[in-house]
Amino acid sequence: MAHSLSHPSEKAGLPPGTLVHVGPAPAMDGRATLHRYTADQCEIFPVTGLDDILSQRGQGALLWVHCEGLDMIELISSLGHHCNVHPLVLEDILNTHQRPKFEQFDDHLFLVVKILRCDNSLKIRHEQISLLLFADMLITFRETADDLFNPVKLRLSGAKGRIRTLGVDYLAYTILDTVVDNYFALADTMEEAIETAESDLLRRPQPKTFAAIQMLRREMVLARKMITPQREMLLGLQRSESPLVKERNLPYFRDVFDHVLRVIDTLDSLRDLLNGMLDIYLSTVSNRMNEIMKVLTIFASIFIPLTFIAGVYGMNFDNMPELHWRWAYPTLWIFFILLTGFLLFLFKRKKWL
Amino acid sequence: MAHSLSHPSEKAGLPPGTLVHVGPAPAMDGRATLHRYTADQCEIFPVTGLDDILSQRGQGALLWVHCEGLDMIELISSLGHHCNVHPLVLEDILNTHQRPKFEQFDDHLFLVVKILRCDNSLKIRHEQISLLLFADMLITFRETADDLFNPVKLRLSGAKGRIRTLGVDYLAYTILDTVVDNYFALADTMEEAIETAESDLLRRPQPKTFAAIQMLRREMVLARKMITPQREMLLGLQRSESPLVKERNLPYFRDVFDHVLRVIDTLDSLRDLLNGMLDIYLSTVSNRMNEIMKVLTIFASIFIPLTFIAGVYGMNFDNMPELHWRWAYPTLWIFFILLTGFLLFLFKRKKWL
Amino acid sequence: MAHSLSHPSEKAGLPPGTLVHVGPAPAMDGRATLHRYTADQCEIFPVTGLDDILSQRGQGALLWVHCEGLDMIELISSLGHHCNVHPLVLEDILNTHQRPKFEQFDDHLFLVVKILRCDNSLKIRHEQISLLLFADMLITFRETADDLFNPVKLRLSGAKGRIRTLGVDYLAYTILDTVVDNYFALADTMEEAIETAESDLLRRPQPKTFAAIQMLRREMVLARKMITPQREMLLGLQRSESPLVKERNLPYFRDVFDHVLRVIDTLDSLRDLLNGMLDIYLSTVSNRMNEIMKVLTIFASIFIPLTFIAGVYGMNFDNMPELHWRWAYPTLWIFFILLTGFLLFLFKRKKWL
Amino acid sequence: MAHSLSHPSEKAGLPPGTLVHVGPAPAMDGRATLHRYTADQCEIFPVTGLDDILSQRGQGALLWVHCEGLDMIELISSLGHHCNVHPLVLEDILNTHQRPKFEQFDDHLFLVVKILRCDNSLKIRHEQISLLLFADMLITFRETADDLFNPVKLRLSGAKGRIRTLGVDYLAYTILDTVVDNYFALADTMEEAIETAESDLLRRPQPKTFAAIQMLRREMVLARKMITPQREMLLGLQRSESPLVKERNLPYFRDVFDHVLRVIDTLDSLRDLLNGMLDIYLSTVSNRMNEIMKVLTIFASIFIPLTFIAGVYGMNFDNMPELHWRWAYPTLWIFFILLTGFLLFLFKRKKWL
Amino acid sequence: MAHSLSHPSEKAGLPPGTLVHVGPAPAMDGRATLHRYTADQCEIFPVTGLDDILSQRGQGALLWVHCEGLDMIELISSLGHHCNVHPLVLEDILNTHQRPKFEQFDDHLFLVVKILRCDNSLKIRHEQISLLLFADMLITFRETADDLFNPVKLRLSGAKGRIRTLGVDYLAYTILDTVVDNYFALADTMEEAIETAESDLLRRPQPKTFAAIQMLRREMVLARKMITPQREMLLGLQRSESPLVKERNLPYFRDVFDHVLRVIDTLDSLRDLLNGMLDIYLSTVSNRMNEIMKVLTIFASIFIPLTFIAGVYGMNFDNMPELHWRWAYPTLWIFFILLTGFLLFLFKRKKWL
């Protein structure tokens, strides 16, 4: 949990705008790559300093600078200053505890979105990706590196490459779309886990089933908390009327927005399912208690009176005439059996058996 | 459940606009028909290619192209390109996991609605129907074929045929109306099932009654999730002020909107009923537990003291004067009876009997 | 329940605008009356056909056509066509499953409200009343006939008759006011029933008290569902700025609106009360269970050890020296009494007694 | 409860605008006083008829007419007609079941607020106070008389009397402020009662603690229902831009508005506290049940096996060799003790002891 | 709790605008300091009277007057009158039970925010800080003094001092930022406490764990109640378009706003966690009850029948042939063992073991 909810109170006291990476310690050395593309072709360069980027800018080409790992404070800082990015925006890029948000500036847009993953034990890990969208350049900052954006890179450098003809705003859309499609994968995983828990529940509910349901509910709360602000963010983007997002590409952003709505709908349905499962669990526990109490009550109610009678004829009074009757003992057994039968019949009528 | 909530994560990675049918596998070969009608008459043609449609267009006639089955990607794609439909819209038509939505374009409107059915085991199946409304043409896309729209077809080709005089927007309304009226049939079925469960509950609540209530609640959640977005969709349509929906026909769309509100009201009431039934079930379980405990307590409280006394006079001490009294044994029986009577009286006063 | 929530799925498939009475079968033959009034006097005529109405219209007089029973489809239909009423409105009048609503047309307003009654077993029955308000004529349609509007009729034909000077919009207000005042009567009946259930609950909670609370809660849900849309309806009416509602009469409609708000407030408070009562019931059941368990535990905990000891001295070992001690038996009784006293003291300290 | 929620269904059928006092029967004869004040001085007159007021009006002086008791229908009616007050407003003044509300007329404003008091048994009593604010006159109507407004009267007639220089709208503010400050007193009383109930709960929860919590929750619901509409009412007043409320005095009304928000915040927090206390109560009941069951189980589990063994050696078989062993009896006692010790150890390990 | 929710009903009756310090008694003598700074340097002066401030104002320098302790009514009052501050604002500064709020006046802005701290026992203490922002002066009023604003003071008087170049609105932002960053520290503390309670819960739930969860939930409610209004307050500030907040500094205020949203998100997630923990606790209690009942039922169900049989052969009938059979006793033991085995097998199959 430490990761999921903790807050950068460690930064309290520093002047705002101080560039320090706040977040889970980066497990990797930062690495930045530059895609320089025109409608016809796409070249890839490694980036080590600001100059690598500046020298490629202009000449009608579009640039995508992709930074993986946030320890390249030097590069991020100089890039930010060169591109006239507000110090607080740079701080937001480095401090990965931001809410998803959209901010509009004169010559660029700033977007923060969350990549959600869940590991084998169904714990959700979240990672922040920030986008800076200029007229001819998209800069993206991630905390880690993996293969999530490989399809984007392939399409960008591929043979057909319609993606190369639609501007950097379309590229930004592609990034967002990849991130949001990933939410569906997450929702699918959750749903499978819920189905497993559900069939466990129906077969044989146990405390550990309950724990699994609770854990899923908790991760669901976290996922919902992470994903919901994306809705407002994308709504803000659609309504911004920024010239940086071309009208032609607006339907694409509307499409991502629809996808986010659908993920949220799905998470809500899953939460309803989980709540229903908790009710089922608690009711099963109650029913089982009823079951146990019934067994106890039937045993006790039958044998306690019998034991009493046996106790009576175990008494040592001098004058107990029954003790000396010839057929007393078998008669008593018949009485025992009749009484037992009568009680069983009563319990049967009460539908306890 | 797999069907009801699963998501097209299988498409993740493909470029947007790629036309692939995503959804439950079509159980049928696609089939498209064309209704060409004027105020006076209506002709029906099978459609096998784009030309079948184009050749009929114009000359003051209105067209209704109805596609059943979504494996006709060729036809849908060429039709889309010819009519200037955005690639994402074509993708939404084929990917049947959309939320109900309304989108407005320059010369056409796009609507997605959900057809809901429930089978005998009360599982809700949902199917997507997409509408493309042009000035002189309505194109509808369904996943499967059944007799749902037969009345519409009959009215369109019927003798009187007022429907033929009111434009394709009225035809679109008729489609929507048929879909929404179907929701009432669904709500009726649900309500009957709830009444059955309720009378079961009042006669003799059992775990399986509880399971039925939970199942109904779950399907209700699903139905509500499917139907609610239709409200916004129809509101958007009414407010669009598109010239494609003639002012004269607006009251009809307002009427469908009212019907959707009423279905939602009904589902809400049914959900309240179900919640009340869950409370009743849980309270019945508690009451039955009380009942069981009372029986146990009464039996145990009466016989345990008696057994103790019988045990006392079963002891083998040399010096137990009572054992030798003449009337000791009958006296003890009288004491047993009095004690039992006293305890029964006590329990009576506590209203346990 | 069949009545309260069922839906006109029987109409599915018919073209919209088909005039069929949908609703609980009318227990009466339809009857229409016409009040023709000026500031000075009021005449009452029976209506059998459209001509009875048309012949009275005009000449500065105001008309109130009041239809009771909805089987006069002929009359309603011809009246509607003559007055230029939209076919869907006529359909809404006949189909009494409408939500309360307000619709504004060029020369008339259309209002649907619900009359709520509750019978002796506290089941709520609802009836629809539709109003068509023209500049000089008010037409009202009810499903049944009773004495609800008698005071209105009396005032209209009475000696003073200020009501005759304020226009048909004021008459429409009077109708609405009568309907809404009736809600207060309903709320009063509910409140009395709740108070009865509450005093039952405090004296001696029983499963049937619980059932009564649940039943009341259910009827409350229904009443709230029926009344709440009236709020929006009246708000729409106030904001319509229709010339058919004179500015002078607006405060009256605002007053009805306030009354509806108050009824809803009251129903909300009653629902809170009912929820509190359910909590009390469930907690009482728990407490009673505690009580029962305490009795069992006290009996069992005291007598089980004593019985064990009695059992020990009932054993038949050859060598049990205690059996032969002179004061063993009385000593044992003293021990029994001391042990019992000690356990009672313990339970006392645990506050179980 | 009769008082708190009952409704004026007794008025149903009367024409609107009929002036009848509806509400709890007035315990007092009505009494009206007139404060006539200028910046310099303040005179007080009793009022018996309309002329007493009219003769004092004008000449630059401001008037405050304060009516206590609502049986002066004659005076209220003539005053209303003279000042051009709408009949429905007069009706609202007399019918004390109004929601708090604000209505704006051409030359006066109408406000209804609620005075809340709670008696010793913490039952909330509410009283209505209506304000009619003219340019030079404030008329207030209360149901009863007490010392609530004495400080206002003192300040008005006091030596300094800044209050006399700020207009009748400031006087209206002072009245509202007094009423709202009284809510804080109510909230304080509730809070104390909650604290008492809480410490009872933590010391020793009992059914009567539960009843007290439920009662508090119920009164809280009532208080909230009464106070909340005041928020909208004051918002409406602030936004009315009526010339009757001078811009200079607006901050004062904003201040009262802030106070109402704070009272509502406080009531919400108290409700959260009460809900938490209910949870604690129910959980305590569960825990106590656990406690009881543990005692029973420990006693029964230890002594039932021992009793069985004692029973075995109380059997009368001819051939039971153990009975004749010399050390059998002491050995058995050692076994009894060991078995008891073993079971106690088991229960200890299960943390039941 | 007295502190957290109590209300200034003690002030009821005083005329508004009366300057009295209402709130927890100040533990300190008031102390005011004045920072006078330009881009180049910063001087600090103690303030004892109004003149100390007035003499430093002007000459292009910016002033920050920081008052700690609210017993300096004289100074606050004269400062307020000199700067044209509304009497109600002065009252709000002294009465520390205000809701966080933002008010805009012609030449100054007024802000109230809450500083939240929690002590070792996790009780939240809240303190009010009021800001008056003029064009060239910021006045802040706190109830107590501690080291919270030391970093601000250090930066203001530090060598670099970019803070000195951005205006007093930037200084106000710095104050707000410090306060809001402190909320994160609070949320961290809460989260740690919740984690501790959670691991307690998973290891061994006890009534005191439950009490800790309830206490945390209660403090969470308080914290949420205190922090939430800050959201509206900062929104109002951003939308005020006051010239006192320079456009250049708006991103900073937006940043604080984002932080407040994040804190609220976090508190919501923590509340969800706490609710989940309560569910877990209650379910654990139920499970443990099941456990206890199972042990009791197993012991009782096995030994009660055995004891009955032992009782039968302890009877003293003359004619009990079994007693004289040679192998009766060992046979009975075998029967005992078989019966026990059979019952254990049954319980095993019911998964009770």
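Start by selecting Asp146(B), which is partly exposed because its relative accessible area is 28%. Keep in mind throughout that this is a predicted model.

**Stop 1: a salt bridge within chain B**

The side chains of Asp146(B) and Arg117(B) form a salt bridge, with N and O 3.0 Å apart. Asp146(B) sits in the loop between β7 (137-142) and α5 (150-157) of chain B, while Arg117(B) belongs to strand β5 (residues 109-118), so the bridge links distant parts of the chain, 29 residues apart. Arg117(B), with a relative accessible area of 24%, is partly exposed.

**Stop 2: from chain B to chain C**

Now select Asp258(B) and Lys101(C). Their side chains meet in a salt bridge at 2.6 Å, N to O. Asp258(B) is in helix α8 (residues 250-312) of chain B and Lys101(C) is in strand β4 (residues 101-104) of chain C, so this pair joins two chains. Are these two residues buried or exposed? Both Asp258(B) and Lys101(C) are buried.

For a network, select Asp92(A), Lys101(A), Glu103(A), Arg254(E) and Asp258(E), which are joined by salt bridges that share partners. Within this group, look at Glu103(A) and Arg254(E): their side chains form a salt bridge of 3.7 Å, N to O.

**Stop 3: chain E against chain A**

Show chains E and A together. In this contact, 61 residues come from chain E and 61 residues from chain A. About 5300 Å² is buried between the two chains, and carbon and sulfur atoms give 64% of that area. On the chain E side, the residues that lose the most area to chain A are Arg262(E), Phe308(E) and Phe317(E), together 14% of what that side buries.

How many salt bridges cross the interface of chain E and chain A? There are five. Residue pairs in polar contact between chain E and chain A number 14. To see where the chain E side comes from, colour α5 (150-157), α6 (167-203), α8 (250-312) and α9 (328-349) of chain E, the elements that give two or more residues to the side touching chain A. Helix α8(E) supplies the largest share of that side, with 33 residues.

**Stop 4: chain A against chain B**

The buried area between chain A and chain B is about 5300 Å², with 64% from carbon and sulfur atoms. Arg262(A), Phe308(A) and Phe317(A) are the residues of chain A that lose the most area to chain B, together 14% of what that side buries.

Five salt bridges are found across the interface of chain A and chain B. Select Glu103(B) and Arg254(A) to see a salt bridge whose closest N and O atoms are 3.6 Å apart.

Then centre on His86(B), in the loop between α3 (73-82) and α4 (87-94) of chain B. His86(B) is buried because its relative accessible area is 16%, and buried means under 20%. What does the side chain of His86(B) reach at 3.1 Å? It reaches the backbone nitrogen of Leu88(B). Leaving aside residues up to four places away in sequence, His86(B) touches Arg248(A), Pro251(A), Tyr252(A) and Phe105(B).

**Stop 5: within chain A**

Select Lys246(A) and Asp169(A), whose side chains meet in a salt bridge at 3.3 Å, N to O. Lys246(A) lies in the loop between α7 (207-239) and α8 of chain A, and Asp169(A) lies in helix α6 of chain A, so the pair ties together parts 77 residues apart in sequence. Lys246(A) is partly exposed, at 33% relative accessible area, whereas Asp169(A) is buried, at 0%. A search over all chains of the whole structure finds 91 salt bridges.

**Stop 6: a surface patch**

Finish by showing the surface of chain A and selecting Phe342(A), Phe345(A) and Leu346(A), which make a nonpolar surface patch of about 290 Å². Leu346(A) is in helix α9 (residues 328-349) of chain A. Leu346(A) counts as partly exposed because its relative accessibility is 32%.

Key: Residues numbered from 1 in each chain as written. Chains lettered and ligands numbered in written order. Predicted model: local features only at pLDDT ≥ 70, side-chain atom pairs only at ≥ 80, totals over all residues. Heavy atoms only, no water. Patch = residues over 30% accessible without salt bridge, like charges linked within 9 Å, V, L, I, M, F, W, Y side chains within 5 Å. Areas by Shrake-Rupley, 256 points an atom, 1.4 Å probe, with all protein chains shown as cover. Salt bridge = Lys/Arg side-chain N within 4 Å of Asp/Glu carboxyl O. Helix = DSSP H or I, 4+ residues; strand = E, 2+ residues; numbered from the N terminus. Buried < 20%, exposed > 50% of the residue type's maximum accessible area, 1.4 Å probe, protein only. Buried area = accessible area lost by both parts, 1.4 Å probe. Polar contact = N/O pair within 3.5 Å; in protein donor to acceptor, adjacent residues only side chain to side chain. Contact = heavy atoms within 4.5 Å.
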